[in-house]
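Hello,

The structure is below. My notes on the pockets and on one helix follow it.

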Amino acid sequence: MLESLYNSFLVEVLPTVISIIIYLSPLVLTYILWIIFWPLWLDYIQSGFILSLKYTLLEIRLPKDIYKSPLAMEVFLNSIYNASDGNKFNRWWKGELRPEYSLELVSLGGRVKFFIRTEDRRKSNLMSALYSQFPGIEITEVEDYTKPFVFDPKVWRIWGGEFIFTKKNAYPIKTYVDYGLDKDPKEEYKVDPLVPFIEFLGSLDPEQQIWIQFVVRGHKGDDHKPGTLFGETDAWKDEAKKEINDILIRDSKTKIAGKDKDGKGQALSITEGEKEIVYALEKSISKTPFEVGIRALYIDKKDKFNPPFGSGGINAGFKHFGSEHLNGFKTNGDKWHPSMKGVPWEDPANKKRDKYGAGILDAYKRRCFFHAPWTSKFVILNSEELATVYHFPGQVAGTPTLDRVPSKKGEAPSNLPI
């Protein structure tokens with residue numbers, strides 16, 4: 001019996017299977033090659049596109065009497081939002097990418113400065129948008145402050161970290177609206193979450209440096225839709241809607257299950273905290289979204305390097321944007337410090353530490369987050385959230401080392417002699 005089945009398999013089934021494999025092999029091979037080489041092709045053409053662009057770094061100096069709330073920064077961010085990366089031909093043949101900007105807050109030996117890096121061709125529009133919201137600022141095209149620094153492990157030490165959310169992407173952080181800054185309170189009544197950060201940056205010694213960058217691009221919402229071949233969806237919004245529905249469904253089930261002492265249905269409702277979460281989620285997805293890569297570096301002389309001061313101060317600064325029931329920031333594990341997972345003798349000569357210090361320095365200098373050679377996990381912040389973590393503070397920031405325009409500039413009198 002078994003011998004008969006085996007002979008039948010060899011004579012009838014096996015030749016058919018082999019024929020099907022041979023017939024489908026070109027398709028299978030094409031698919032395998034596509035999986036392997038398509039990402040390499042995209043990296044190649046996108047790198048070429050990036051190298052073809054010219055970038056400029058703008059330093060923004062603030063006036064002493066700036067009174068604008070972070071709402072002005074939110075309006076500015078909305079004006080530069082652009083999620084277009086051309087048609088499929090331009091994306092897949094020319095490597096065209098969405099516009100990216102790097103919003104930077106740095107301390108160079110205690111001198112606190114604001115920078116924005118942009119493509120040179122977009123410089124004029126960006127400056128116009130800034131001036132429209134902050135008429136008293138001074139914008140200057142400057143040399144890149146990162147270029148003069150060369151990492152020598154014998155002289156310098158670097159701590160570097162990238163920041164992600166503590167919860168799901170859909171949950172928003174604590175914003176300037178939560179701090180009441182949307183109401184433009186008087187300077188003496190403002191509670192600005194960015195001010196403690198700036199005060200910390202202003203406390204650095206002359207040889208210490210801290211660089212913080214927010215690499216941003218418009219969120220396109222073109223994620224693959226599950227269950228389809230080419231369907232697209234916005235996973236960020238889908239996740240937020242799911243969280244809202246889960247809360248409302250839990251509330252509905254609680255109402256049905258709840259009973260009073262007479263055994264009758266008890267009208268229960270969601271808690272105040274859950275109401276706040278639902279409101280925050282609905283509000284969050286109604287605003288302009290940005291994909292944001294957050295990276296920070298602490299640089300100091302080797303003999304003076306103090307991680308509790310540098311890295312601890314940076315982490316503490318990001319905590320002001322967090323909320324227990326919503327979202328907050330944390331470092332992305334030990335991505336740039338793998339040797340810290342083990343014991344000291346795993347890296348006795350500090351080669352790993354120095355290698356990853358040089359790596360994150362290179363990633364920072366390139367302002368590279370979404371593409372090769374340095375891709376990392378990013379977060380999605382709407383315009384209100386991004387304006388919270390990066391905005392120009394008013395007089396409430398009394399840090400003497402925060403670079404400001406010495407005096408307010410005025411127009412020339414109209415009756416001057418010709």
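By class, 13 nonpolar, four polar and six charged residues line the second largest pocket (nonpolar: Ala, Val, Leu, Ile, Met, Phe, Trp, Tyr, Cys and Pro; charged: Asp, Glu, Lys and Arg; polar: the others, Gly among them). This is a predicted model, in which local features need pLDDT of at least 70 and side-chain atom pairs count only at pLDDT 80 or more, while totals for chains, interfaces and linings use all residues. Residues are numbered from 1 along each chain as its sequence is written, and side-chain values use heavy atoms, with hydrogens and water left out.

The second largest pocket holds about 460 Å³ of space (a pocket is an open set of points on a 1 Å grid over the protein atoms alone, where a 1.4 Å probe fits, with protein on both sides within 12 Å along at least five of seven lines; lining residues have an atom within 4 Å of a point). Its 23 lining residues include Ile 50, Tyr 55, Arg 117, Arg 366 and Arg 367, the closest to its centre. H1 gives the most to this lining, four residues (helices are DSSP runs of H or I, at least four residues, and strands are runs of E, at least two, numbered from the N terminus).

The largest pocket has a volume of about 1200 Å³ (the space filled by probe spheres set on the points, which are joined across faces, edges and corners). Of its 35 lining residues, Leu 42, Arg 91, Trp 92, Asp 222 and Glu 232 are the closest to its centre. H1 supplies the largest share of that lining, seven residues.

Regards
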